[in-house]
Amino acid sequence: MKKNKITKSLLSVALTTAFLFTGYSQVAVPNVHAAEQSNDRSFDILLEIAKSDLEEKTFVKNGIVVNGYSNYEEAGVSQEAFEEFEKIVSFANSEIKKGNMVVGKNILDTKANVINSNSACSSKNSTKNIQPMVAYLEFHISASKAVKIGKALSNGIGAAGLAAQFRLPPTVAIVLVALYGANDMCNWEGNGYTLYYIATPIPAGFCVPD
């Protein structure tokens with residue numbers, strides 16, 4: 001057994017038996033399975049939002065995004081989905097105030113150009129033709145995250161929802177929405193990919209498989 005595995009085993013034993021020696025209640029051990037279930041549930045809620053017209057019915061007033069529905073019953077979604085969407089709207093407005101996101105008529109209306117229009121998904125060799133590379137920022141998307149992003153995009157989720165759910169920089173989310181199908185193409189080997197993007201003046205980018 002490797003040293004790190006032994007250390008983890010000893011730590012696990014120490015945590016779960018600590019209460020026997022201290023007199024206190026048993027120490028809570030993080031449940032990885034429970035965390036995964038929570039993440040899956042959160043993703044299911046995102047898909048419910050994507051399949052509804054919550055995003056489409058938003059509008060912009062005085063420079064901020066406003067929810068077009070007053071409650072979940074009116075919107076025809078679950079209470080969980082409505083409350084989560086309220087958080088997405090709040091997130092979008094926060095990013096708008098920071099200057100990280102610009103929307104048009106509603107929360108779905110974000111702008112981005114796609115660099116390298118011949119193919120939004122580039123090979124490592126082809127990136128040599130795009131200059132100057134130093135101008136691009138990089139963001140890695142894991143294989144598992146790419147699969148979920150692909151499902152969310154195919155169901156019509158916007159950049160704000162994508163950024164809020166997957167904790168992405170708004171610019172990255174905007175570019176991913178603009179690239180759309182490139183997400184799946186860049187993850188075709190199942191190793192994830194790296195997104196190269198420019199934040200200003202208008203978000204733009206392309207992806208390269210890892």
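Two strands are taken to pair if DSSP finds at least two bridges between them, and by that rule β3 is joined to strand β6 (residues 204–209) through 2 bridges, the two running parallel. Helices (H or I, at least four residues) and strands (E, at least two) are DSSP runs, numbered from the N terminus. This is a predicted model, in which local features need pLDDT of at least 70 and side-chain atom pairs count only at pLDDT 80 or more, while totals for chains, interfaces and linings use all residues. Residues are numbered from 1 along each chain as its sequence is written, and side-chain values use heavy atoms, with hydrogens and water left out.

**Confidence**

- The protein chain has a mean pLDDT (the predictor's confidence in each residue, from 0 to 100) of 80, and 74% of its residues reach 70 or more.
- Among the elements of the chain, the lowest mean pLDDT, 36, belongs to helix α1 (residues 3–22), and the highest, 98, to helix α3 (residues 72–75).
- Over residues 1–29 pLDDT stays under 50, and for this stretch the model has 10 contacts (heavy atoms within 4.5 Å) beyond four places in sequence.

- An open sheet of 4 strands has the order β3-β6-β5-β4, with mixed pairing.
- Because β3 (113–114) and β4 (137–141) stand at the edges with a single partner strand each, one side of each is left without a neighbour in the sheet.

**The disulfide**

- The count comes to 1 disulfide, defined as a pair of cysteine sulfur atoms within 2.5 Å, and it is formed by C186 and C207, whose sulfur atoms are 2.2 Å apart.
- Since C186 lies in helix α8 (residues 182–186) and C207 in strand β6, the pair ties together parts that are 21 residues apart in sequence.
- The torsion about the S-S bond of C186 and C207 is about 90°, so the disulfide is right-handed.
- Both C186 and C207 are buried, that is, under 20% relative accessible area, with exposed meaning over 50% and partly exposed in between (1.4 Å probe, protein chains only).

**Helix α6**

- Helix α6 (residues 159–166) is largely enclosed by the rest of the structure, because 7 of its 8 residues are buried.
- The buried residues of α6 are A159, A160, G161, L162, A163, Q165 and F166.
- After α6 comes R167, with a positive phi near 55°.
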